[in-house]
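Visitor: I would like to learn how to read a protein model feature by feature. Could you take me through one slowly?

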Number of protein chains: 2
Amino acid sequence: MDAPSRTIRLGLIQMACSPDPNENLEKALWRIREAAARGANLVCLPELFRTQYFCRREDPDLFALAEPVPGPTTETLGRLARDLRITLVAPVFERRAPGLYHNSAALILPDGSLAGLYRKMHIPHDPLYFEKYYFAPGDAGFPVFATPAGPVAVLICWDQWFPEAARLAALAGALLILYPTAIGWHPAEKEADGLAQLDAWLTVQRAHAIANGVFVAAVNRTGREGPPGADLDFWGSSFLADPFGRILAQAPTSEEATLVVDCDPTLVEHTRRHWPFLRDRRTDAYGRLLERWIAP
Amino acid sequence: MDAPSRTIRLGLIQMACSPDPNENLEKALWRIREAAARGANLVCLPELFRTQYFCRREDPDLFALAEPVPGPTTETLGRLARDLRITLVAPVFERRAPGLYHNSAALILPDGSLAGLYRKMHIPHDPLYFEKYYFAPGDAGFPVFATPAGPVAVLICWDQWFPEAARLAALAGALLILYPTAIGWHPAEKEADGLAQLDAWLTVQRAHAIANGVFVAAVNRTGREGPPGADLDFWGSSFLADPFGRILAQAPTSEEATLVVDCDPTLVEHTRRHWPFLRDRRTDAYGRLLERWIAP
């Protein structure tokens, strides 16, 4: 029998982001310290937390916000991780090469070293979310990172709508899937569809937890960004769901919050023994999932 | 531009099943007539509706309950479909050959003909749900059936926990996925986990609707079957969710019900235009979904 993994005490930093990248980094640093003081051993920041969500418009000058990995953000957070002896998930607007940028997240271990990088695989492009302009799609699949608290996958925002990504993370051994996120209400849609959008977002991620028997957490930003009429109202609601899809903790929609909550790793196997979906997958019959469309 | 599909007026028959197969067929017949009288043009019955849920125990004599397709059940229902000019989904304990049985569902067209057969692909086997003893797994994948109301997929019960099945049905063109079902509370689990189980069941299916932009309906049985201590308390709760995951109609847990509710096919494309997941699937990166496990 394997030794059980340690309990993950997960810290989720829901924050509002200002136009000043240094201010956002400062806020992230003190909120991480706050989470660590409450015992968190794995802390996750929201997608692109150094900046406001610049993808609201397409502007070549905004590529100047990108930075390499390793780079200033991961080095600063690496020092903090080492000070606090915790694992950090640090989303970065990554400059991989001149003219080649990714929406990424670095995994930083308690010794301050970089365990690896996830580069967002599914890239949205919709009104006020013009991400295909900025980000090349990831080319390294869905890695799972060994951490002192057990194997963890990091996916990013739009990935959360794709059951394939969550499944691949679970098959690669993740006990917990983290989704750094930047999602909010479009001004033209909030009144009619706002609650249904938020509910769909929660539902699809809780379903990943259920279908795979893993913990799932989303870490969103909050606050309003952009000029009236072209603004996004980020809906917060960062949460942790257990492998049965039950929400163990959730932040409000419109306030900053630091959630600190435990993931008992024994619950993964307990849940999968009772509802043994991994036993019954029809791997012989899934070949056409690799196609775009299969209707005649 | 394609001609729009006709509105599906869907009838979902939630029923309790007696030990007498003829009584169950009689009940199904009058409930189908009831649904048709309310305008339903596509009516779905629960999984294995001719019998009580015999898989609560393993007994070779129970194979005598099986019948061929075409056979008595599909012939009777074919006549009714022709009388009423509606499409029917008829779950059958199918005897395909001596010693070869499936948990199947026949799709019957308004002219009474058999459009096709779905044979359950994912077979459970858990306390009081001993299905691997009775049913060979389906070997014909996840077909989509052309009906006068548009393309429809039929999956069965345990299939509903597998995002792969719903995805393949959607990629094959289904606008609506129907899940004839027999799921209930195990007596040892209801008090502690009953509500969470029902909620997980709803959540994972609503997520299929959301992730794929399709209508999803489940048609469950209700009532208690079996001797105390080895009984199942079927939880009803048959429902239709729209492509945004919103529940449009739902039956109670412990009463029979005939739901008749419209599916507007234009909502499929509307939803997919706003949240274009099919555009962004990473079909180049999903190859390892065909493996059982990929952790090192």
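Visitor: Where is Pro70(B) found in chain B?

Guide: Helices and strands here are DSSP runs (H or I of at least four residues for helices, E of at least two for strands), numbered from the N terminus. With those labels, Pro70(B) is found in the loop between β2 (42-44) and α2 (72-84) of chain B, and a cis peptide bond with omega of about 0° joins Val69(B) to Pro70(B). Please keep in mind that this is a predicted model, in which local features need pLDDT of at least 70 and side-chain atom pairs count only at pLDDT 80 or more, while totals for chains, interfaces and linings use all residues. Residues are numbered from 1 along each chain as its sequence is written, chains are lettered from A and ligands numbered from 1 in the order in which they are written, and side-chain values use heavy atoms, with hydrogens and water left out.

Visitor: Is Ser237(B) buried or exposed?

Guide: Buried means under 20% relative accessible area, exposed over 50%, and partly exposed in between (1.4 Å probe, protein chains only). Ser237(B), with a relative accessible area of 3%, is buried; this residue lies in the loop between β12 (232-235) and β13 (239-241) of chain B, and has a positive phi of about 65° although it is not a glycine.

Visitor: What rotation superposes chain B on chain A?

Guide: Copies are superposed by least squares on the C-alpha atoms of residues with pLDDT of at least 70 in both. Here a rotation of 180°, with 0.0 Å of shift along its axis, brings chain B onto chain A with an RMSD of 0.0 Å. The two copies are therefore related as by a two-fold rotation axis.

Visitor: How many residues of chain B are in contact with chain A?

Guide: Contact means heavy atoms within 4.5 Å, and by that rule 58 residues of chain B are in contact with 58 residues of chain A. Between them the two chains bury about 5,400 Å², 64% of it on carbon and sulfur atoms, where buried area is the accessible area (1.4 Å probe) that two parts lose on being put together, summed over both.

Visitor: How many salt bridges are counted between chain B and chain A?

Guide: A salt bridge is a side-chain nitrogen of Lys or Arg within 4 Å of a carboxyl oxygen of Asp or Glu. The count between chain B and chain A is twelve, and one salt bridge joins the side chains of Arg167(B) and Glu164(A), at 2.7 Å from N to O.
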